[in-house]
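Please keep the sequence and the model in view while reading.

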Amino acid sequence: MTLTYIWLAFFLLAFAVAFIKWAFLGDQQILPALVEGIFKAANDGFDISLKLVGVMALFLGFMSIGEKAGAIRFLSRIVSPFFSKLFPDIPKNHPATGQMMMNFSANLLGLDNAATPFGIKAMQSLQELNPNKDTASNAQIMFMALHASGLTLIPVSIIAMRASMKIPAANPTDIFVPCMIVTFVATLAALTIMSFKQKINLLQPVLLGWILGLSALIGLLVWYLTTLDKEGLKLFSNTLSSGLILLIFLLFLLGGLRKKVNMFEAFVDGAKGGFEVAIRIIPYLIAMLIAISVLRNSGVFTYLIDGLRYLLGLTGMNTDFVEALPTALMKPLSGAGARGMMVTAMETYGTDSFIGRLSCIFQGTSDTTFYVIAVYFGAVSVKNTRYAIPAMLLADMVGIITAIFVGYLFFH
């Protein structure tokens, strides 16, 4: 019901603001703009879902080969000591463990197209363990929170955007370390919030060892990447990203050959699920996109930013960061919308300005929470998301606050 209340609130707030602007402020274009935005959002939702079919079919096909070859079970055994503590409801060596790990790995390298099918496959496996099919399980909520926290090692798209502006950044990669710090803090926040809610002790030696070990590993990799120049970083990230995908495919094929799997048949069987999942997602995605559309086109965000600037100004706080907040506030709602606001901030204030850089950090802070909720829970027809949304938004808030501090530290 939480998602229902939020969805309804988007419409009621947007319609109230639009009516006031039409009836009392004489804005005769606001109502047509809302209607046009609703139809455009509905079409966009349909187009996005259809575009998922090819990628979903590709990855689910290879996932099917990997499952039959035992690759998923092998990966599950490696991470089972950590995941068994974090996901106590998942049986040992269950395929969902490996699928979640592959989703997290794809997100870490910014491989969004790969992360989505892996994540949906993981949600489907978790749904098989879910005793109440209409209600999200603890494991599904934990997975969603960690996924939506947006831990990304290489923000390739943001770096590319900074380099491709009309007046490009002097050093497009200078937001790399801030993004890494912020996303890591947001992920730790999501892990802590969910562990507290689900009564999971993070001080267990296994969990603590994994968290500290991963922190050290990421720290070393970040240090190495900061020693590279722009071309070196671009080459490394492209090679690592593409190489990982090809390596996964090759290992699945070699594993299938070793296990004497009928790989063509396995691929076709798995690929069939791509179309089925995309069709199932359509109504959930359209519902969320039209709600976001009316909220944006009604001008609610503009009033919100102006109000925040005024309130923060009363405290004597430096409010230079407020102009970058539209990107942060839009990111949980729409990745494309947040990207548009990031570009607008760079065009308006300058690519290398404090606002331009902070907008880029906000863009890399987290995933699109409501999009993730709509797509992933929609893929398994879960209607009651329980505490998933407020907990995930709390982690997003931690990321936003951290981004502001980091932005001031690096660029103000």
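A residue is called buried when its relative accessible area is under 20%, exposed when it is over 50%, and partly exposed in between, with a 1.4 Å probe and protein chains only. This is a predicted model, in which local features need pLDDT of at least 70 and side-chain atom pairs count only at pLDDT 80 or more, while totals for chains, interfaces and linings use all residues. Residues are numbered from 1 along each chain as its sequence is written, and side-chain values use heavy atoms, with hydrogens and water left out.

Cys 179 is buried, because its relative accessibility is 2%. Cys 360 is also buried, at 0%. The sulfur of Cys 179 has its closest cysteine sulfur in Cys 360, 7.4 Å away, which is too far for a bond. A disulfide is a pair of cysteine sulfur atoms within 2.5 Å, and by this rule the count is zero.

Helices here are DSSP runs of H or I with at least four residues, numbered from the N terminus.

Leaving out residues up to four places away in sequence, Phe 87 touches Met 100, Ala 139, Met 142, Phe 143 and Leu 146; contact means heavy atoms within 4.5 Å. Among the buried residues of α6 are Gln 140 and His 147.

Ile 48 is found in helix α2, residues 30-69. Ile 48 is partly exposed, because its relative accessible area is 32%. Beyond its neighbours within four places in sequence, Ile 48 is in contact with Leu 285, Leu 289 and Tyr 371. From Ile 48 to Val 380 the separation is 332 residues in sequence and 18 Å in space, C-alpha to C-alpha.

Finally, the lining of the largest cavity divides into four nonpolar, two polar and two charged residues: Ala 328, Lys 331, Pro 332, Phe 362, Thr 365, Ser 366, Asp 396 and Ile 400. Ala, Val, Leu, Ile, Met, Phe, Trp, Tyr, Cys and Pro count as nonpolar, Asp, Glu, Lys and Arg as charged, and the others, Gly among them, as polar. A cavity is a set of points, on a 1 Å grid over the protein atoms alone, where a 1.4 Å probe fits but cannot get out, and lining residues have an atom within 4 Å of a point.

Conventions: On a 1 Å grid over the protein atoms alone, a cavity is a set of points where a 1.4 Å probe fits but cannot get out, and a pocket is an open set with protein on both sides within 12 Å along at least five of seven lines; lining residues have an atom within 4 Å of a point. Helices (H or I, at least four residues) and strands (E, at least two) are DSSP runs, numbered from the N terminus.
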